[in-house]
Number of protein chains: 2
Amino acid sequence: MAATDETSAEERLIARYFRPLATAPGAFGLSDDAAIVTPPPGCDLVLTTDGVIAGVHFFPDDPPEKIGRKVLRMNLSDLAAKGAKPIGFLIALALPAAIDEAWLAAFASGLGEDAESYGCPLLGGDTDRTPGPTSVSVAAFGALPHATMVRRSTAKAGDSVIVTGTIGDAALGVLLRRDQNLGERWRLSDVMAGHLLQRYLLPQPRNALAEAVRCHAASSMDVSDGLAGDLAKLCRASGVAAEIDVAGVPLSDAARAAVAAEPALIETVLTGGDDYEIVLTLAPEKLGSFRAAAQAVGIPVTEIGRIAAGQGARFVYGGKTLTFSRPAYSHF
Amino acid sequence: MAATDETSAEERLIARYFRPLATAPGAFGLSDDAAIVTPPPGCDLVLTTDGVIAGVHFFPDDPPEKIGRKVLRMNLSDLAAKGAKPIGFLIALALPAAIDEAWLAAFASGLGEDAESYGCPLLGGDTDRTPGPTSVSVAAFGALPHATMVRRSTAKAGDSVIVTGTIGDAALGVLLRRDQNLGERWRLSDVMAGHLLQRYLLPQPRNALAEAVRCHAASSMDVSDGLAGDLAKLCRASGVAAEIDVAGVPLSDAARAAVAAEPALIETVLTGGDDYEIVLTLAPEKLGSFRAAAQAVGIPVTEIGRIAAGQGARFVYGGKTLTFSRPAYSHF
């Protein structure tokens, strides 16, 4: 048999770990140059991309099954904030030689479980060796009825500002991940510390709320770089101001305990990022039916302020407007 | 003004260098979490992803305007081979701190020129700092009438095997890029050496031929990991064999001179990769009209062999079947 009939190690790796995730017919079992997606009639396709790099977005010794889930969920969170239903994703993997099959098996297994539970199958990918750190980039696709994507730029004066879940957990979880002694300083129970660490490791994107966001929100975005900075972006895009009552921002018991022990942590909570919640605005008369829709899918939503004419997002705490030393996470 | 009204360095960088490339209305000027694409009615969307890492796929001192073009063209080549018309792309950039604004300006400028000339605008992206090498990953999208994507798996016994352009130039160009003395050993003129180097730096994807491929080909794929390995993949996917007349494989004058000077280079030519040509099969009765369509868009096409029952791609040269020490480029 000619040597050219042999499969390469790269093909075997893809077949073993990634083909099982490629359940959509248009993925062709990852055996072609490209995948196809047939969008539902009358729908737009929503496209987003987000990635992680070892040592930048995750700790190199984080559990690999969590890393795969996290990067997919970061992208799913963008789709949720836009009101889109997931369709599938592409993945680009750069792996150092030290990554072994056990790491890859665990990575693919976590990724596959999430792909299934979020209804977002693997459509294709690209796998390379790198002399640098492990890095994973995902491009995710969703669908929604034509021209109904919820934008950042459409908030109106008078809108209520709503946020899902709780804010600041993941940012505190990263600090705790770096220095376990902080748990004692913040007087956290083991359960509380575990909650913060878990919120850093594994976002809970709000895809179950996507349809309610699409049907109710005037504007919406994913909270990934910190509530303060992300809301400021929404205000800039919309040409409006926001006034936020910091005391009303929903915190977990753990985050509340940490801030009580160390009040300056309120800045970390509001600017630290990695929340993967949704911040949205809506006309106050829609608040009731939005709350009912959120309750129906079991996702907590909290009104935290108002949109007004003007510019800038003001975070008011104890009668004073907070100023932040570093308003949002930025790589540059 | 509250600090939260300031834009971050990351936002300014995106606004300056990448927003001008985001000419599609659905890209929203890169100012939202996601982009939208409204596929033409009755069309499938074709998705592909491919990337490059400094020191792996390109030399760190390659001209940045060429790197941006190359990574986009690698993806465009996949769309061409599938018969799809480009719609747009997402980009994920990981940049070391040493990358300066001049590099980025040149990178974006080359990328932007190609995005315009291939009708494939930027739809969105993700930009991170990395402690590792520069890496660029692109996910590109195309459209074609429903269920007409040309697969790898549909070659039939009796088909002619066709290849576009010339094979092996880029693989020889990489060797020359590493060791300029080879030019003399291979007895290349400066023009010939320049041709090989250029073919490595800047692929010429065959998007002008996409419609002809879609209308004529039984099966098709992009030649990116070497003709021998890629054709073997096509044969495996289709459950057929191929017999290729190596003397009929189209070589540039430069490649022909190199192989004449050093006959063992025929393996590099056939297995080295980075060609970004198309290998396709078609029923012999379609050859005439395919040739005419290719001539109409100025793309050379050459018949190099036949598909037969069986398995494996045999490359016959001087009456003997070649065996390759490394049949295709593989990262693992």
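Q: How do you know how confident the predictor is in chain A?
A: Chain A averages a pLDDT of 94, and 96% of the residues score at least 70. pLDDT is the predictor's confidence in each residue, from 0 to 100. This is a predicted model, in which local features need pLDDT of at least 70, side-chain atom pairs count only at pLDDT 80 or more, and totals for chains, interfaces and linings use all residues. Residues are numbered from 1 along each chain as its sequence is written, while chains are lettered from A and ligands numbered from 1 in the order in which they are written. For the model, ipTM is 0.93 and pTM is 0.94.

Q: Which stretch of chain A has a pLDDT below 50?
A: Residues 1–5 of chain A do. Beyond near neighbours in sequence, this stretch has 19 contacts in the model. Where pLDDT is low, the predicted coordinates should not be read in detail.

Q: Why are the two copies said to be related as by a two-fold rotation axis?
A: Chain A is laid on chain B by a turn of 180 degrees and a shift of 0.0 Å along the axis, with an RMSD of 0.0 Å. The superposition is by least squares on the C-alpha atoms of residues with pLDDT of at least 70 in both copies. The two copies are therefore related as by a two-fold rotation axis. Of the residues of chain A, A:Gly132 comes closest to that axis, its C-alpha at 2.1 Å.

Q: What makes a residue part of the contact of chain A with chain B?
A: Two residues are in contact if their C-beta atoms, placed from the backbone, lie within 7 Å. The contact takes 74 residues from chain A and 74 residues from chain B. Strand E2 (residues 43–53) of chain A gives the most to the chain A side, with 9 residues. Strands (E, at least two residues) and helices (H or I, at least four) are DSSP runs, numbered from the N terminus.

Q: How do you know that the same surface serves both copies?
A: 100% of the contact residues of chain A recur in chain B.

Q: What makes up the side of chain A that touches chain B, by class?
A: It has 34 nonpolar, 24 polar and 16 charged residues. Ala, Val, Leu, Ile, Met, Phe, Trp, Tyr, Cys and Pro count as nonpolar, Asp, Glu, Lys and Arg as charged, and the others, Gly among them, as polar.

Q: Why are H6(A) and H9(A) called roughly perpendicular?
A: The axes of helix H6 (residues 190–201) and helix H9 (residues 253–261) of chain A cross at roughly 105 degrees and come within 8 Å. Axes are lines fitted to C-alpha atoms, for helices over the stretch in contact, and angles run from 0 to 180 degrees between N-to-C directions. Angles under 35 degrees count as roughly parallel, over 145 as roughly antiparallel, 65 to 115 as roughly perpendicular and the rest as oblique. H6(A) and H9(A) are therefore roughly perpendicular to each other.

Q: Which residues make the contact of H6(A) with H9(A)?
A: H6(A) brings A:Met192, A:His195 and A:Leu196, and H9(A) brings A:Asp253, A:Ala254 and A:Ala257. By class, 4 are nonpolar, 1 is polar and 1 is charged.

Q: What are domain 1 and domain 2 of chain A?
A: Domain 1 is 8–145 and domain 2 is 160–321. The bounds come from an automatic or database domain assignment. Their C-alpha centres lie 27 Å apart. 20 residues of domain 1 are in contact with 18 residues of domain 2. H2(A) gives the most to the domain 1 side, with 12 residues.
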